[in-house]
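Open the model in your viewer and keep the selection tool ready. The stops below say what to select next and what is there.

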Amino acid sequence: MALLVDRLLDYKATVRRCNPDELAGTVAELLSGASTVVAPSGAPEGWLSGYQGRVLRDGEPQQLAVADLDAPGVAVLTGCAVAVARTGTLILDAGPDQGRRALSLVPDHHVCVVHSGQVAGGVPEALARLADPTQPLTLISGPSATSDIELNRVEGVHGPRRLDVVVVVG
């Protein structure tokens, strides 16, 4: 767990640890600046029970348009399939609490819930935990970032500018 947190922080993600009873409050605090939160249809209701803003469920009744996901003030809340400690990578496999790829790639702010039991040491162990490692996966190692020719870091060019990871321990 310590290695995962270290790697995520190194990648400029924000990491908050909490116990299961604190999860809703932690998520609400991280999303307090968002006017709208998008969540996959399978994300547990309890994750958002402390959030006071507008919540949209992708796929209920239909998938949200990219323009809706890219609107100012929109954040997304997902879970993950597994997290890789050694690389600081979150793996999403489109499970019910993760949704389709666009959810984690389009909004400017992504909050991802990781339970301590989902943390694997390395990539081979992580892939072995997936139900079908041959299906399309989204691998996230920090907020989206790139560097220009002068090596100036630019965030949010190819995905969320801000990544908050909530590690649920216990």
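## Stop 1: the central pairing

Select strand E4 and strand E7 (residues 109–115): the two run parallel and are joined by four bridges. Strands here (E, at least two residues) and helices (H or I, at least four) are DSSP runs, numbered from the N terminus. Two strands pair if DSSP finds at least two bridges between them.

This is a predicted model, so local features need pLDDT of at least 70 and side-chain atom pairs count only at pLDDT 80 or more, while totals for chains, interfaces and linings use all residues. Residues are numbered from 1 along each chain as its sequence is written, and side-chain values use heavy atoms, with hydrogens and water left out.

Pick alanine 75. Its bridge partner in E7 is histidine 109. Select valine 38 and find its bridge partner in E4, valine 76.

## Stop 2: inside E4

Is E4 (residues 74–78) enclosed or open? It is largely enclosed by the rest of the structure, because five of its five residues are buried. Buried means under 20% relative accessible area, exposed over 50%, and partly exposed in between (1.4 Å probe, protein chains only).

Show the side chains. In a regular strand they alternate between the two faces of the sheet. Val74, Val76 and Thr78 point one way from E4, and Ala75 and Leu77 point the other way.

Step back to glycine 73, in the loop between H3 and E4. Glycine 73 is partly exposed, at 37% relative accessible area. Not counting residues up to four places away in sequence, glycine 73 touches Ala34, Ser35 and Thr36. Contact means heavy atoms within 4.5 Å.

## Stop 3: the nonpolar cores

A nonpolar core is a set of buried Ala, Val, Leu, Ile, Met, Phe, Trp, Tyr and Cys residues joined through side-chain atoms within 4.5 Å. The largest has 18 residues, of which Leu23, Val27, Leu31, Leu48, Leu77 and Val166 touch the most other members. Helix H2 (23–30), E2, E4, E7 and strand E12 (162–168) each supply at least two residues of this core. H2 gives the most, with three.

Centre on leucine 48. Leaving aside neighbours within four places in sequence, leucine 48 is in contact with Val27, Leu31, Val37, Ala39, Val55 and Leu77. Then look for a second, separate core of 17 residues, which includes Ala13, Cys80, Ile140 and Val167.

## Stop 4: helix H1

Select H1 (residues 2–10). Its buried residues are Leu4, Val5 and Leu8. They lie on the same side of H1, because they cover an arc of only 95° around the axis. That arc is taken over the directions from the helix axis to the C-beta atoms. Turn to the face away from this buried side: exposed Ala2 and Asp10 are there. The buried residues of H1 pack against strand E1 (14–18), strand E5 (82–84), strand E8 (119–120) and E12.

## Stop 5: backbone exceptions

Most residues other than glycine have a negative phi, and most peptide bonds are trans. Lysine 12 is not a glycine, yet has a positive phi of about 75°. Lysine 12 lies in the loop between H1 and E1. It counts as exposed, at 51% relative accessibility.

Finish at proline 61, in the loop between strand E3 (54–58) and helix H3 (66–69). A cis peptide bond joins glutamate 60 and proline 61, with omega about 0°.
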